[in-house]
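Subject: Structure handover

Hi,

Here is the structure I promised to pass on. My notes follow below it.

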Protein chains: 2
Amino acid sequence: MSAEALKEKAAQEAIKHVESGMRVGLGTGSTAKYAILGIAEMLKNGDIRDIKAAATSKETERLATEGGIPLFEIDGDGVDVAIDGMDEVAPNLDVIKGLGGALLREKIVESRAKLFVLIGDASKRVSRLGEKTPVPVEILQFGFDSTRKDLERLGCRPVLRERDGKPFVSDNGNPIVDCYFDEPFDTHAVALAISATPGVLEHGMFLDMAKIAYVAGDDGVIRLDRP
Amino acid sequence: MSAEALKEKAAQEAIKHVESGMRVGLGTGSTAKYAILGIAEMLKNGDIRDIKAAATSKETERLATEGGIPLFEIDGDGVDVAIDGMDEVAPNLDVIKGLGGALLREKIVESRAKLFVLIGDASKRVSRLGEKTPVPVEILQFGFDSTRKDLERLGCRPVLRERDGKPFVSDNGNPIVDCYFDEPFDTHAVALAISATPGVLEHGMFLDMAKIAYVAGDDGVIRLDRP
């Protein structure tokens, strides 16, 4: 089965958690896209109604609007369910996200979800975070080099993300550094240390957040639950 | 002695730490202003030379430029000495800063100083942080209400800062909430929790950073050292 077909299968399972009247957090990226398209279709078919959605990026906002999904800005009540893709998922459902660059808004929305559901294909499963991918960190341009130096002291190689030979810029107008850890590390301790680093806006470790993951492989979609 | 005269006296002591060839972090606000003016005068008089300074706000950038102090953007080498005012100082030299609104850039620069020197008048001394002033927290506009709600869960009353009846906007374009704690709180635990809250850019507790404070009262200027 193609990678695209796997993503769509995982998304199809996740959107079953969306019910009429719910506030929904919409993720960003090539897998989340299928959830957005699926929810738009459920609305069109009349399978659900009266939902409103908080988008985690301008791209998602565009997709939702095209699909006729009413949008709102997330407020103090959060969302009932959020669905998003992932770059790496550990056995306990801790994930690394943000290779797409939307980590800051994703974390703002998804940390305020009653139920946060992950979707992806089986290639995303790892035994520990950082095994295959770096930890993306969105930082301020002001003091960039001094902030990168501080991140380096945490034991990683922080590399400025580029696109087409120029520094990548997030929806919030900031650069992202991808932090490569060569050795296993204490995810909770490092997450706190990164957050406490002046100049850091957000990092891509989403810990203790997701309750369910739908992972699509050639044998079908399996559901993983947070232990 | 007038409040302005006290501020100037404290600043005059602090700038003695600035030597030729140094990289200097310049704070922001009505007290830091006297340090900037004093350093400009030392340069003009030839008492020091070859310094360069990292400014913590647009206002400070303007003052330094007017005073002929060469500016640079802080890099991985940090600064040799940083001098800044404070809103509240505890006996161990932990401080609350940011009532002026420059906390984010101040923390980026001052956390990377080999020597961080505080200045202020005696009214700033408290027995514990939060005694008189709130903890300012700079947050993203995106998801503002959900972030404020999360801060409330940490045990404070977060109040949107206004100026002339409109939301105050920082040099970085963000709103600030002032978090009032009615009870004593664990500063280190709360600082970490605030930093880890999605949507938070920085908070105004500067812990374990300052080594020296010059505090001016009617009896003169006293020097406090971090225990």
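Which backbone oxygen lies 2.7 Å from a polar atom of the side chain of A:Thr56? The backbone oxygen of A:Leu26 does.

Before the rest, the ground rules. This is a predicted model, in which local features need pLDDT of at least 70, side-chain atom pairs count only at pLDDT 80 or more, and totals for chains, interfaces and linings use all residues. Residues are numbered from 1 along each chain as its sequence is written, chains are lettered from A and ligands numbered from 1 in the order in which they are written, and side-chain values use heavy atoms, with hydrogens and water left out.

**A:Thr56 and helix H3 of chain A**

A:Thr56 sits in the loop between S2 and H3 of chain A. Helices (H or I, at least four residues) and strands (E, at least two) are DSSP runs, numbered from the N terminus. A:Thr56 has a relative accessible area of 0%, so it is buried. Buried means under 20% relative accessible area, exposed means over 50%, and partly exposed is in between (1.4 Å probe, protein chains only).

The side chain of A:Thr56 also makes a polar contact of 2.7 Å with the side chain of A:Thr28. A polar contact is a pair of N or O atoms within 3.5 Å; within protein, one must be able to donate a hydrogen and the other to accept it, and residues adjacent in sequence count only if both atoms are side-chain atoms. Leaving out residues up to four places away in sequence, A:Thr56 touches several others, including A:Ala102, A:Arg105, A:Glu106 and A:Val109. Contact here means heavy atoms within 4.5 Å.

Next comes H3 itself. In H3(A), residues 58-66, the buried residues are A:Thr60, A:Leu63 and A:Ala64. Seen down the helix axis, they fall within an arc of 95 degrees, so they line one face of H3(A). That arc is taken from the directions from the helix axis to the C-beta atoms. Exposed A:Thr65 and A:Glu66 are on the face turned away from the buried side. The cover over the buried residues of H3(A) includes strand S1 (23-26), helix H2 (32-45) and strand S2 (52-55) of chain A. After H3(A) comes A:Gly68, with a positive phi near 75 degrees.

**B:His17**

B:His17 is in the loop between helix H1 (3-14) and strand S1 (23-26) of chain B. Its relative accessibility is 18%, so B:His17 counts as buried. Its side chain makes a polar contact of 2.7 Å with that of B:Tyr214. Beyond four places away in sequence, B:His17 touches residues that include B:Met22, B:Val81, B:Leu115 and B:Arg223.

**The interface**

How many residues of chain A are in contact with chain B? There are 33, and they meet 33 residues of chain B. The buried area between the chains is about 2500 Å², with 61% from carbon and sulfur atoms. Buried area is the accessible area (1.4 Å probe) that two parts lose on being put together, summed over both. A:Arg112, A:Phe142 and A:Pro198 supply 26% of the area that chain A buries against chain B, more than any other three residues.

The rule finds 2 salt bridges across this interface. A salt bridge is a side-chain nitrogen of Lys or Arg within 4 Å of a carboxyl oxygen of Asp or Glu. B:Asp150 pairs with A:Arg112 in this way, with the closest N and O atoms 3.0 Å apart. On the chain A side, H5(A) gives the largest share, 6 residues.

**Other salt bridges**

Over all chains, the count is 38 salt bridges. A:Glu106 and A:Lys97 form one at 3.1 Å, N to O. Both of these residues are buried. A:Asp225 pairs with A:Arg223, the closest N and O atoms being 2.8 Å apart. A:Asp225 is partly exposed at 42% relative accessibility, and A:Arg223 is partly exposed at 44%.

In chain B, B:Arg157 forms a salt bridge with B:Asp182, at 3.1 Å between the closest N and O atoms. B:Arg157 lies in strand S8 (157-160) and B:Asp182 in the loop between strand S11 (176-180) and helix H6 (187-195) of chain B, so the pair ties together parts 25 residues apart in sequence.

Best wishes
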